[in-house]
Amino acid sequence: MKKIENNFTVSGFVGKDAEIRQFANASVARFSLAVGRQEKNGEETNRVSAFMNMEAWRKNEHTGSFDKITKGTLLTVEGFFKPEEWTDKDGVKHNRVIMIATKFYPTPEKEEETPAEKPAKKATKKGKK
């Protein structure tokens, strides 16, 4: 049987400063990440964006990394999907999928190479024997 991987990696901008809640042994940072992409429809190009809700859990002595989760910061987030189900006080069942961030770090900037910066290909001569 093939093993199904439950993980994601996504880059986007933090929507607002993380909401941090501290418990006895661990803390959680909840934050939104704005992600987007270009969609082309014929001659027209549109930017499609969405906010994704994230949770990051850390032991209380390791919450220093939560300082990176501030509005406007470009982050790359790695993690897994966690399904949740619950029944409200009226007996209605609900479910959702939470994106649990196991790692998050500033997104490295991509540098575009100019033709002068690209390494030149070495010319090779094939000799006849």
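## Overall architecture

Two residues are in contact when heavy atoms lie within 4.5 Å. By that rule, among contacts between residues at least 6 apart in sequence, 56% join residues at least 24 apart. The model is predicted.

The protein chain has six strands and zero helices. From the N terminus on, its elements run β-β-β-β-β-β. Of the chain's 129 residues, 22% count as buried.

## Strand pairing

Start with β5. Six bridges join this strand to β1, and the two run antiparallel. Gly 12 has Leu 75 of β5 as its bridge partner. β5 also pairs with β6, again in the antiparallel sense, over 13 bridges.

β3 and β4 pair over 16 bridges, in the antiparallel sense. Glu 39 has its bridge partner, Asn 46, in β4. β4 pairs with β6 too, but in the parallel sense and over two bridges.

## Hairpin turns

Two hairpins carry a glycine with positive phi. In the hairpin of β3 and β4, two residues lie between the strands, and Gly 42 has a positive phi near 70°. In the hairpin of β5 and β6, five residues lie between the strands, and Gly 91 has a positive phi near 85°.

## Nonpolar core

The largest nonpolar core has 17 residues. Leu 33, Met 54, Ile 69, Val 77 and Phe 104 touch the most other members. At least two core residues come from each of β1 (8-14), β3 (26-41), β4 (44-59), β5 (74-87) and β6 (93-106). The largest share is that of β3, with four residues. In soluble globular proteins, nonpolar side chains tend to be buried together.

Leaving aside neighbours within four places in sequence, Ile 69 is in contact with Val 14, Asp 17, Ala 18, Ala 29, Phe 31, Leu 75 and Phe 104.

## A buried threonine

Thr 76 lies in strand β5. Its relative accessible area is 5%, so Thr 76 falls under the 20% cut-off and is buried. The side chain of Thr 76 has two polar partners listed here: Ser 11, whose side chain is joined to it by a polar contact of 2.8 Å, and Thr 107, whose side chain is joined by one of 2.7 Å.

Beyond four places in sequence, the contacts of Thr 76 fall at two stretches of numbering. Among them are Thr 9, Val 10 and Ser 11. Lys 103, Phe 104, Tyr 105 and Thr 107 are also in contact with Thr 76.

## Largest pocket

The largest pocket has a volume of about 170 Å³. Its lining consists of Arg 30, Phe 31, Asn 53, Met 54, Glu 55, Arg 96, Val 97 and Ile 98. β3, β4 and β6 each supply at least two of the lining residues.

Definitions and conventions:
Residues numbered from 1 in each chain as written. Predicted model: local features only at pLDDT ≥ 70, side-chain atom pairs only at ≥ 80, totals over all residues. Heavy atoms only, no water. Core = buried A, V, L, I, M, F, W, Y, C linked by side-chain atoms within 4.5 Å. Buried < 20%, exposed > 50% of the residue type's maximum accessible area, 1.4 Å probe, protein only. Pairing = 2+ DSSP bridges. Polar contact = N/O pair within 3.5 Å; in protein donor to acceptor, adjacent residues only side chain to side chain. 1 Å grid on protein atoms, 1.4 Å probe; cavity = no way out; pocket = protein on both sides within 12 Å on 5 of 7 lines; lining within 4 Å. Points joined across faces, edges and corners; volume = space filled by probe spheres on them.
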